[in-house]
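Hi,

Here is the structure I promised to pass on. Have a look, and my notes follow below.

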Amino acid sequence: MSSRSAILDSLRQNVPPAASLPAPITGISYVAPIKQFEETLTIAGGVLVRATGPQDLASALADIDVYTSAAKVASLVPGIPSRNVDLSAIDDPHDLEGIDVAVIPGKFGVAENAAVWIPGETLTPHRSIFVIVQHLILVVPASEIVDNLHQAYERIQWSPNSFGIFISGPSKTADIEQSLVIGAHGARSCTVILL
Amino acid sequence: MTGHAEKSAAFVADEDRTHWHDQSLWFVRTKRDRQASAIPEWEALREAASAIKTHTLSRLADYLEEFERNATANGIQVHWARDAAEHNAIVHQILASHGVTHLVKSKSMLTEECHLNPYLEARGIEVTDTDLGERIVQLRKEPPSHIVMPAIHLKREEIGELFHIELGTEKGASDPKYLTEAARGHLRSKFMGAQAGLTGVNFAVAETGGVVVCTNEGNADMGASLPKLHIACMGIEKLIPRAAHLGVFLRLLARSGTGQPITGYTSHFNGPLRGGEMHVVIVDNGRSRILGQEAFRRSLGCIRCGACMNTCPVYRRSGGYSYGYTVPGPIGSILAPQRDPQKYASLPFASSLCGSCTDVCPVKIDLHHQLLAFRKVLVDLKAVPLQKRLSMAVMGFVLSHPSLYRMGGGLMRVIVPRLPRSLVYGSWNPWGIQREIPPMPQQSFRDLIRKEPS
């Protein structure tokens with residue numbers, strides 16, 4: 001007998017009594033979701049920048065030190081050019097090493113945990129771009145901040161063979177004596193620009 | 001065979017360190033409390049999580065088949081392993097067929113349970129654990145002492161000394177920021193040189209045929225999105241039916257485990273990299289047998305958040321290694337004796353049954369009830385020392401005969417104070433090793449009540 005059948009048979013022999021799924025949960029809502037998002041992002045080690053609209057994006061970026069001083073910038077946001085990087089010319093994702101900043105559009109943000117949803121297709125052609133660069137700038141429409149994760153999952157469309165990620169703040173660790181250190185493997189900073 | 005009490009003796013002998021360990025974990029517990037109290041629907045979330053797990057377990061075979069169908073449609077290759085040996089052989093076969101010599105891993109308690117690292121290393125594959133805490137204990141040739149914070153038992157000076165020897169950091173340097181930066185550089189070179197990445201699985205979703213992995217460091221994403229080959233290993237109990245259920249579990253997981261509203265990176269892998277391969281290895285290794293045991297099946301709902309360890313007064317003061325099993329603390333004390341009741345017989349007794357673990361468990365596993373129930377199983381199996389079984393038998397007999405109890409009490413009040421200390425605290429009385437018998441009262445409670453004016 002294959003291991004697959006052996007496991008499934010064993011599970012069916014040991015099956016517990018039937019139990020139904022619970023009703024969906026209504027999650028917390030906030031009077032000021034953007035304020036909640038900002039506070040939570042700050043605790044997660046990130047920085048929130050408010051921009052008035054798409055025309056204001058360039059000036060918002062101009063105020064971010066890691067962006068202005070970066071030698072190499074990879075941008076996936078329309079209208080914001082990359083700097084000394086041509087993502088489409090890179091075949092092996094290992095060659096992304098050395099990029100200072102990635103500017104990536106986020107689909108929406110979640111107020112309760114400062115997570116930003118990034119669908120995999122946004123990252124084309126290199127899924128690893130968000131984690132391999134030194135600093136991350138996420139651009140999210142201010143109108144797209146939901147209260148909680150339940151609302152977030154209602155918004156996500158799943159397509160076959162896809163990837164998607166919630167990012168909440170920069171890469172971090174507290175594995176040495178519970179001391180929080182920002183910049184473990186991924187981004188050393190995470191700035192979220194709300195448009 | 002040494003039990004929990006013997007294994008923890010060395011740890012508790014260092015009083016300062018015991019206190020420091022206790023405080024470190026309590027700090028995480030208080031962070032958890034702040035997060036939990038900020039969510040008004042917290043208890044409803046726990047109820048929902050528990051109900052989703054109970055439902056899933058009642059249809060686990062069906063959901064695994066649904067997962068396999070959808071994962072295959074996503075281009076993921078699904079493998080099934082009955083036990084640890086088969087799991088290790090499958091992983092090795094995948095790596096060997098791709099000529100992999102360097103593997104980077106993110107956290108996976110399942111591969112710890114299966115002892116995958118030594119298996120692969122014996123076959124010429126370099127395995128690098130990339131979670132900072134896991135890398136620290138790997139360099140020390142130790143297992144993790146906690147499932148979420150693998151190096152929680154170590155002080156910064158010890159890590160500084162380790163990194164000085166292994167990574168060439170400055171002698172005496174112990175600043176966590178400096179040490180983390182050194183590890184970042186060291187591990188990035190490992191990521192650049194690896195031909196494959198292996199991750200654990202926090203949740204597998206039947207509906208999407210994909211897996212979700214949570215990290216704060218981003219190491220799972222470095223490992224799964226740089227090399228073309230990604231292997232994800234999961235126990236059969238990691239499955240949930242719908243993607244919407246992730247909303248429930250992800251709201252609970254990090255809040256319960258580390259006191260964060262969510263981990264930094266929550267990655268949804270529903271297929272391989274462009275031009276790459278993704279494999280999922282589904283492992284039973286004794287889990288389907290636990291499913292058949294009514295008193296213990298709820299332990300399969302565990303999402304490995306670590307909250308029961310952080311709150312446990314025994315774990316906090318005895319350290320993870322005193323349990324001698326991959327998963328320590330209250331949940332480990334139920335899972336381990338399922339695997340080998342004789343070897344892990346002392347673990348269900350390593351609890352005061354205070355119930356704090358049950359109170360914080362995000363999926364409402366009745367941990368302290370299961371610990372008590374397991375004690376009964378172990379006594380029936382005669383896996384408990386004869387001394388304990390005999391004394392409990394005598395105690396049971398006396399307590400069920402009130403006249404004998406009254407007579408015994410009267411005799412004890414007279415005799416015990418006259419006995420030499422060496423006899424009362426003899427080797428027959430392990431209870432007295434760290435405790436003093438209270439002074440014998442002049443009269444029993446019963447006598448006192450009789451004399452009270454009604």
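In this predicted model, helix α9 of chain B packs against helix α10 (residues 176-193) of chain B at an angle of about 35 degrees, and their axes are 11 Å apart. The crossing of α9(B) and α10(B) is left-handed. On the α9(B) side, R156(B), I159(B), G160(B) and F163(B) make the contact, and they meet P176(B), L179(B) and A182(B) of α10(B). By type, the residues of this contact come out as five nonpolar, one polar and one charged.

Also on α9(B), which covers residues 156-166, you'll find H164(B). If you skip the neighbours within four places in sequence, H164(B) is in contact with T169(B), E170(B) and K171(B). As for L179(B), its C-alpha lies 9.4 Å from that of H164(B), with the two 15 residues apart in sequence.

Now to the strands. Strand β10 (residues 277-283) of chain B is mostly covered, with six of its seven residues buried. Which strands pair with β10(B)? One is strand β1 (residues 76-81) of chain B, which runs parallel to β10(B) and is joined to it by six bridges; there, H79(B) stands opposite V281(B). Another is strand β7 (residues 229-235) of chain B, also parallel to β10(B), with seven bridges between them. In that pairing, L229(B) has E277(B) of β10(B) as its bridge partner.

Cheers

Technical notes. Residues numbered from 1 in each chain as written. Chains lettered and ligands numbered in written order. Predicted model: local features only at pLDDT ≥ 70, side-chain atom pairs only at ≥ 80, totals over all residues. Helix = DSSP H or I, 4+ residues; strand = E, 2+ residues; numbered from the N terminus. Contact = placed C-beta atoms within 7 Å. Buried ≥ 20, exposed ≤ 12 C-beta atoms within 10 Å, placed from the backbone. Pairing = 2+ DSSP bridges. Axes fitted to C-alpha atoms, helices over the stretch in contact; angles between N-to-C directions. Left-handed = near helix turned anticlockwise from the far one by under 90°. Nonpolar A, V, L, I, M, F, W, Y, C, P; charged D, E, K, R; others polar.
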